[in-house]
Amino acid sequence: MQDTVKVAVDAMGGDNAPLEIVKGAVEAVNEREELHLFLVGNKGKIEAELAKYQFRQEQIEIVSATEEISCDEAPVMAIRKKKDSSIVVALNLVKEGKADAFVSAGSSGAILVGGQLIIGRIKGIERPPLAPLIPTLKGVSLLIDCGANVDARPSHLVQFAQMGSIYMENILGISKPKVAIVNIGAEEAKGNALVKETYPLLKECQEINFIGSIEARDIPYGEADVIVSEAFVGNVILKLSEGLSSALVSAIKDGMMSTTRSKMGALLVKPALKETLKKFDATEYGGAPLLGLQGLVVKVHGSSKSKEVKNALIQCIQFKKQGINDKIKENIIKKKEETMN
């Protein structure tokens, strides 16, 4: 029997809660026996959704929470005042060691604030970044940061690169992952003040395989395994990538259905096309972990359907198995302390 991985799930967070959240949870436990889920939120609503499905009862436990945090609330105030919200109750399960991870499609601000205030950062980590996997022609790349730290400093970006390298090496098994910083050109002299200050620091960092700058147009081709940026740029890249992928899929479908000839051709290419498009479906890769915390926090899209929720929950298994937090402490914090001494 494999070690149990316990995940606290914000059942009330997101545009499609609790319907899609509960459905994704059921799909996850039906696929992986080692998962034990705490569905946190309105007990009556959760029970009503669970009643629709068949699953191993012992793998899902309901934890009552009477409050919810909406996306239009001030994050700090909401976390401090709404102690019985699904986000706060679930995060406390991780803090208390009752759960290994927390997954939510709820308010990004509340999740980021709650993760730091309740679970806390690993000592020595300056800022925790959100790090989603984005599809490329060569597989996936890790985009770090995509929304947590808009006003980052050079030292923050260096830690992002280090944490991203550890993640890709241990979760995806990529030896010496290639690290690049987002820039407006390949030349070292280009970029804004933040990039110009960070570039030489990344060059000097022996813990990473830094390959220089990467322009946005090269990201979809998989030229780097870890893509480093501050949150404003990272979020623009992420949203543009998602929007463009969706628009292209829609255009391809419309084109194939436009004439009788194209419809006949569509039948022939449908199997191969479906498999190809699946590789560029961001929901296949789960959520974005908030790296550098004492426990695992994973943010999924607010509009998430059950597939993305399921994949995010399964993603937590690998994170625990590989001990990413321990590796961050060992490879970043310990070495940092040794250098200072």
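1. Disulfides first: the structure holds 0 of them, a disulfide being a pair of cysteine sulfur atoms within 2.5 Å. Please keep in mind that this is a predicted model, in which local features need pLDDT of at least 70, side-chain atom pairs count only at pLDDT 80 or more, and totals for chains, interfaces and linings use all residues. Residues are numbered from 1 along each chain as its sequence is written, and side-chain values use heavy atoms, with hydrogens and water left out.

2. Now to strand 6 (residues 139-144), which is largely enclosed by the rest of the structure because 5 of its 6 residues are buried. Helices (H or I, at least four residues) and strands (E, at least two) are DSSP runs, numbered from the N terminus. Strand 6 pairs with strand 5 (residues 133-136) in the antiparallel sense over 4 bridges, and a hairpin joins the two through 2 residues. In this pairing Ile134 stands opposite Ser141. Strand 6 also pairs with strand 9, in the parallel sense over 3 bridges, with Ile144 opposite Val228. Pairing requires that DSSP finds at least two bridges between the strands.

3. Ile227 deserves a look while you are there. This residue lies in strand 9 (residues 226-228) and is buried, at 0% relative accessible area.

4. Finally, the helices. The axes of helix 6 (residues 154-171) and helix 10 (residues 306-322) come within 10 Å and cross at roughly 100°. The two helices are therefore roughly perpendicular, a label that covers 65 to 115 degrees. Axes are lines fitted to C-alpha atoms, for helices over the stretch in contact, with angles from 0 to 180 degrees between N-to-C directions. Tyr167, Asn170 and Ile171 of helix 6 meet Gln315, Gln318, Phe319 and Gln322 of helix 10 in this contact.

Key
Buried < 20%, exposed > 50% of the residue type's maximum accessible area, 1.4 Å probe, protein only. Parallel < 35°, antiparallel > 145°, perpendicular 65-115°, else oblique. Contact = heavy atoms within 4.5 Å.
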